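Open your viewer, set up a cartoon with side chains to hand, and follow along stop by stop.

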Amino acid sequence: MINNIEPGKRNIPENKSNPGDDNKNTEVSNSFRFYAAAVALLAVICIIVFTGIARVVPVSGPAPNDIPVIQAIRADISPSATEVVKAVTFCGSATAMIAIAVMVTFYLRIREFNPLESFLPAISITGAWLLNEFLKQQFHRLRPEDLPLAIETSYSFPSGHAMISLAFYGMLAYLIWTNVKSAKIRWLSVVALAALILAIGLSRIYLGVHYPSDVLAGFAAGGLWLMTCIAGYRTSPGFFTKISQ
């Protein structure tokens, strides 16, 4: 062995790294930076929108620009339309979202997703609900009193349906986008879920249980929590274990 070492030179082990591994690491790094920048930007936008609304909402009555939106959405109230809207708003209820979250979590565990990723839907609902309850207690805003078509007893700001549905269905959209290979299915799913989230928010205005400012602030707060969940997951050991496989 000694005779195989040339004088004046160190015996440096051969580098056996696979170029494919380097390319994969570069792709992962670029993907991480892209998601980090996108999540940070969206989180900042959500904070700006929420704080901007929170500064002008009164404890009772509409905020600036609430009335024109209410008049436009509630211009054609009818029994048949109300039934459809109530079905839409049910999709943003605790009953519907918890049921869906249980089924999604069960499916992900069967498919052997890592535990943290499997429980992201449940985390998104639970955190959004707790944050919504906290915010309602801080602002104490009373609900609209102009012919409500549903009965609600909690405070109005921000809208719980809007906030929690964005966090939950937004998380479902994220899981579909990052795990489904078909671009067509990804886009169709994300667009459908985005439309559902918007419809749930509008349904709360139609039913007269929220001001538009409640709904918009709910979307902003829900978006912030969604970004927090995604950021937490993508910086967790479970995420890096997944992408290294």
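**Stop 1: an aromatic cluster**

Select Phe139 to begin: with a relative accessible area of 25%, Phe139 is partly exposed (buried means under 20% relative accessible area, exposed over 50%, partly exposed in between, with a 1.4 Å probe and protein chains only). Keep in mind that this is a predicted model, in which local features need pLDDT of at least 70, side-chain atom pairs count only at pLDDT 80 or more, and totals for chains, interfaces and linings use all residues. Residues are numbered from 1 along each chain as its sequence is written, and side-chain values use heavy atoms, with hydrogens and water left out.

How are the rings of Phe50 and Phe157 arranged? Their centres are 5.6 Å apart and their planes at 35 degrees, so the pair is tilted. For the terms: rings of Phe, Tyr and Trp (its six-membered ring) pair if their centres lie within 6.5 Å, and planes under 30 degrees apart count as stacked, over 60 as edge-to-face and the rest as tilted. This pair links distant parts of the chain, with Phe50 in helix α1 and Phe157 in the loop between α6 and α7, 107 residues apart.

The structure holds 5 aromatic pairs. Another of them joins Phe50 and Phe139: the ring centres are 6.1 Å apart and the planes at 75 degrees, so this pair is edge-to-face. Here too distant parts of the chain are linked, since Phe139 belongs to helix α6 (residues 120-139) and lies 89 residues from Phe50. Show the three side chains together: Phe50, Phe139 and Phe157 form one aromatic cluster.

**Stop 2: the largest pocket**

Of its 27 lining residues, Leu42, Gly170, Leu226, Met227 and Ile230 are the closest to the centre. The elements giving two or more residues to this lining are α1 (19-54), α7 (160-179), α8 (183-206) and α9 (212-234). Colour α1 separately, as the largest share, 8 residues, comes from this helix.

A pocket here is found on a 1 Å grid over the protein atoms alone: an open set of points where a 1.4 Å probe fits, with protein on both sides within 12 Å along at least five of seven lines; lining residues have an atom within 4 Å of a point.

What is the lining made of: nonpolar, polar or charged residues? It divides into 25 nonpolar, 2 polar and no charged (Ala, Val, Leu, Ile, Met, Phe, Trp, Tyr, Cys and Pro count as nonpolar, Asp, Glu, Lys and Arg as charged, and the others, Gly among them, as polar).

**Stop 3: a polar contact**

Go to Thr89 in helix α3 (residues 79-90). Thr89 counts as buried, at 9% relative accessibility. Its side chain makes a polar contact with the side chain of Arg204 (2.9 Å); such a contact is a pair of N or O atoms within 3.5 Å, and within protein one must be able to donate a hydrogen and the other to accept it, while residues adjacent in sequence count only if both atoms are side-chain atoms.

**Last view: the whole fold**

Zoom out to 10 helices and 0 strands (DSSP runs numbered from the N terminus: helices are H or I, at least four residues, and strands E, at least two). Of the 245 residues, 38% count as buried.
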